[in-house]
Amino acid sequence: MSIYHKPAPTAPEVAYQWLRQEISTLPWDQEIFLSEGSIAEASGVSRTPVREALLRLEASGLIKRVAHKGAFVPALTGRDIDDMVEVRRVIGDWAVRKVAQGAVPAAELHEILDRQEAAVQDPVAFIECDIQFHQRIVSAAGNPILAGVYEAQRFKQLRMGLKAVLDSEGRSRRVVEEHRAIVQALLSGDPDQAAAASRAHLESTLSALNVPHVPGLPS
């Protein structure tokens with residue numbers, strides 16, 4: 001009987017994954033410069049695959065590459081956060097309304113929330129669960145194009161969420177409670193109730209962040 005072994009990641013993929021983790025866990029209002037040498041040393045690969053990884057991340061808009069030096073990871077601006085929140089507001093509202101009227105993946109959502117509750121002392125793992133929770137609702141709504149748009153905000157969501165739980169005492173526990181309220185609202189079958197629970201959660205997150213609002217965008 002043959003046993004399938006997953007191939008080892010390539011050197012560029014190792015560098016990419018290391019960089020992505022570093023960027024994702026940087027709070028939204030902080031910036032950092034990573035030299036090619038320091039990235040190569042930390043990720044255990046040579047500079048050539050590091051450069052390939054930097055090109056991928058630059059194409060995603062996550063870094064600003066400095067030729068022959070490394071990568072600048074800028075702080076997110078209030079406008080960045082407003083744009084991301086607008087995406088979350090529009091797609092999140094649509095998703096919970098649709099899921100509330102269809103099949104709610106309750107068992108999966110509760111499983112994610114149990115893992116999230118167990119991770120309240122680990123901010124990075126906690127926010128990863130947070131993102132999984134919302135992505136599962138969006139995917140359950142059944143539009144892969146909108147799900148892709150939502151997924152594209154993942155890194156920004158992680159940076160924003162990390163800042164929120166680090167800065168606001170007791171925020172992690174409140175997030176779990178707000179998430180469970182969203183599940184209950186979905187199970188009620190009432191799309192308005194589900195949308196209200198989703199909006200309350202998003203506004204609570206913004207309040208914890210205290211992000212300066214950009215004029216001209218929805219409050």
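Tutor: Let us begin with the meeting of two helices, where Glu36, Gly37, Ile39, Ala40 and Ser43 in H2 are in contact with Arg47, Val50, Arg51 and Leu54 in H3, contact meaning heavy atoms within 4.5 Å. Helices here are DSSP runs of H or I with at least four residues, numbered from the N terminus. This is a predicted model, in which local features need pLDDT of at least 70 and side-chain atom pairs count only at pLDDT 80 or more, while totals for chains, interfaces and linings use all residues. Residues are numbered from 1 along each chain as its sequence is written, and side-chain values use heavy atoms, with hydrogens and water left out.

By class, the contact of H2 with H3 has 4 nonpolar, 2 polar and 3 charged residues; Ala, Val, Leu, Ile, Met, Phe, Trp, Tyr, Cys and Pro count as nonpolar, Asp, Glu, Lys and Arg as charged, and the others, Gly among them, as polar.

Within helix H2 sits serine 43, which is buried, with a relative accessible area of 13%, where buried means under 20%, exposed over 50% and partly exposed in between, using a 1.4 Å probe and protein chains only. A polar atom of the serine 43 side chain lies 2.7 Å from the backbone oxygen of isoleucine 39. Leaving aside residues up to four places away in sequence, serine 43 touches Val14, Ala15, Trp18 and Val50.

Ala15 also belongs to the contact that H1 makes with H3, and on the H3 side of that contact Val50 takes part.

How values were computed
A polar contact is a pair of N or O atoms within 3.5 Å; within protein, one must be able to donate a hydrogen and the other to accept it, and residues adjacent in sequence count only if both atoms are side-chain atoms.
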